[in-house]
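Student: Hi! Could you walk me through this assembly, starting with how the chains touch?

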Amino acid sequence: MAETVHMIDSEVFLAFSTYATIVILKMMLMSLMTSYFRLTKQVFSNLEDTNLAKTTEDRKKLVRVDPDVERVRRCHLNDLENIVPFVVIGLLYALTGPDLSMALLHFRVFVGSRFIHTVAYVMALPQPTRALAFGVGLFISFSMAYRVLTTALFL
Amino acid sequence: MAETVHMIDSEVFLAFSTYATIVILKMMLMSLMTSYFRLTKQVFSNLEDTNLAKTTEDRKKLVRVDPDVERVRRCHLNDLENIVPFVVIGLLYALTGPDLSMALLHFRVFVGSRFIHTVAYVMALPQPTRALAFGVGLFISFSMAYRVLTTALFL
Amino acid sequence: MAETVHMIDSEVFLAFSTYATIVILKMMLMSLMTSYFRLTKQVFSNLEDTNLAKTTEDRKKLVRVDPDVERVRRCHLNDLENIVPFVVIGLLYALTGPDLSMALLHFRVFVGSRFIHTVAYVMALPQPTRALAFGVGLFISFSMAYRVLTTALFL
């Protein structure tokens, strides 16, 4: 890791920067998708969000749980649980100076797997589509963590 | 991005460091707020947390769901969904060498919007206060992501 | 923070890299633990995950909530709420050039506290084991944040 400083200028770091931003943007879109479903289906978590309804009775009825909204929210939480580790481990991995082709392989497969995961989750595609997409993403993060720990272990 | 190395010493990076730490600390305070509500209202998620009650019957009754605790928890989750992307994209943005004034504008508006969001959520202020605060924060992150992708795209 | 650039090559940064990777891997194992409990106890959140059951009636019954699965999920969410702030603040802290011994103390105590927290949560150990582990982790992050803000404040 002696040339780490130069790594931050490298193509590997630029590639990390690009793919990390794309996959984080994808994660943030889940917020907008949740808002979209909440507004079109009129399903809210907070009484103050229901101010388009007229009577207090009507408003209370809109504070409810909807299966489609919950599905999007589970997908969003799964993104948090998987994309955040990818970003952290990926940053450290990029600083270990891997081959550009190997790094691109990791980043592309991970980002692809998370897009497939989202489509599979939101559209409720038959399993094991979603499970495979989840597993591939996990494997990529483990593979990068392995390189970080074998290149730069300092306990 | 050729002078990225120097960026990590820059005032932009110091500013990022400061605002990221402040907004992460704000997020961590949600944990303490949840604990505070759980203890003062005696509302718990786990049976082993209720050991101040005497009988087993009394203890089981304390494992319940409370609207105020859930409100703080939703606010905390919303922080995770928005502040973590800000930190990741903000770090990469700081490394692209933006103008200090432009960077400060992004960081300050984001951090301000999240403080307003928290107050609006916890105190259940009338909408669209919370929705606007959420939207402004999202817009700031998108704006920084735009700069990262236009400055340093490497697919 | 003038020599920050050299910090990224330092032993402190290597130590951060190692401990951050370890604790993120621990967090990711919660996903696998959730999957394990879901499969062994046959408890699912989505209808499409129940395709091992034969009839539609049987499948609908498997979409349910189980206390053990929820316990692991709460532990996972608590990890997200605490480990992600540690990683962000820890990275900035490592760049402020702290003493190696002090940095190692912070990293080791934090990672140890989160392993104890997980064991205490999943095995439902009597309190205040879990509360103490949580508190120690929080204190470490606050201590690192204090150094970041006192070393590199730029508002």
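**Chain contacts and helix packing**

Tutor: Happy to. C:Glu48 forms a salt bridge with A:Arg71, with the closest N and O atoms 2.8 Å apart. Keep in mind that this is a predicted model.

Student: How many salt bridges does the rule find across the interface of chain C and chain A?

Tutor: Three of them lie across that interface of chain C and chain A.

Student: And how much area do chain C and chain A bury between them?

Tutor: About 2900 Å², with 71% of it on carbon and sulfur atoms. Chain C puts 35 residues into the contact, and chain A puts in 34 residues.

Student: What rotation superposes chain C on chain A?

Tutor: A rotation of 120° does it, with 0.0 Å of shift along its axis and an RMSD of 0.0 Å. The two copies are thus related as by a three-fold rotation axis.

Student: Do the copies meet through the same surfaces or different ones?

Tutor: Different ones, because only 17% of the interface residues of chain C are also interface residues in chain A.

Student: OK, on to chain A and chain B. How many residues does the contact take from each?

Tutor: Chain A gives 35 residues and chain B gives 34 residues. Together, chain A and chain B bury about 2900 Å², and 71% of that is on carbon and sulfur atoms.

Student: Which three residues supply more than any other three of the area that chain A buries against chain B?

Tutor: Those are A:Thr21, A:Met28 and A:Glu48, which supply 20% of that area.

Student: What about salt bridges across the interface of chain A and chain B?

Tutor: The rule finds three there as well. In one salt bridge, the side chains of A:Asp49 and B:Arg130 meet at 2.9 Å, N to O.

Student: Switching topic: at what angle do helix α4 and helix α5 of chain A pack?

Tutor: Helix α4 (residues 67-94) and helix α5 (residues 100-122) of chain A pack at about 175°, with their axes 10 Å apart. Angles over 145 degrees count as roughly antiparallel, so α4(A) is roughly antiparallel to α5(A).

Student: Which residues make the contact?

Tutor: From α4(A), they include A:Arg71, A:Cys75, A:Ile83 and A:Phe86. From α5(A), A:Phe107, A:Phe110 and A:Tyr121 are among them. By class, this contact of α4(A) with α5(A) has ten nonpolar, five polar and four charged residues.

Student: And in chain C, how do the axes of α4 and α5 cross?

Tutor: In chain C, the axes of α4 and α5 cross at roughly 175° and come within 10 Å. That makes α4(C) roughly antiparallel to α5(C).

Note on methods. Residues numbered from 1 in each chain as written. Chains lettered and ligands numbered in written order. Predicted model: local features only at pLDDT ≥ 70, side-chain atom pairs only at ≥ 80, totals over all residues. Heavy atoms only, no water. Axes fitted to C-alpha atoms, helices over the stretch in contact; angles between N-to-C directions. Helix = DSSP H or I, 4+ residues; strand = E, 2+ residues; numbered from the N terminus. Parallel < 35°, antiparallel > 145°, perpendicular 65-115°, else oblique. Contact = heavy atoms within 4.5 Å. Nonpolar A, V, L, I, M, F, W, Y, C, P; charged D, E, K, R; others polar. Least-squares fit on C-alpha atoms with pLDDT ≥ 70 in both. Buried area = accessible area lost by both parts, 1.4 Å probe. Salt bridge = Lys/Arg side-chain N within 4 Å of Asp/Glu carboxyl O.
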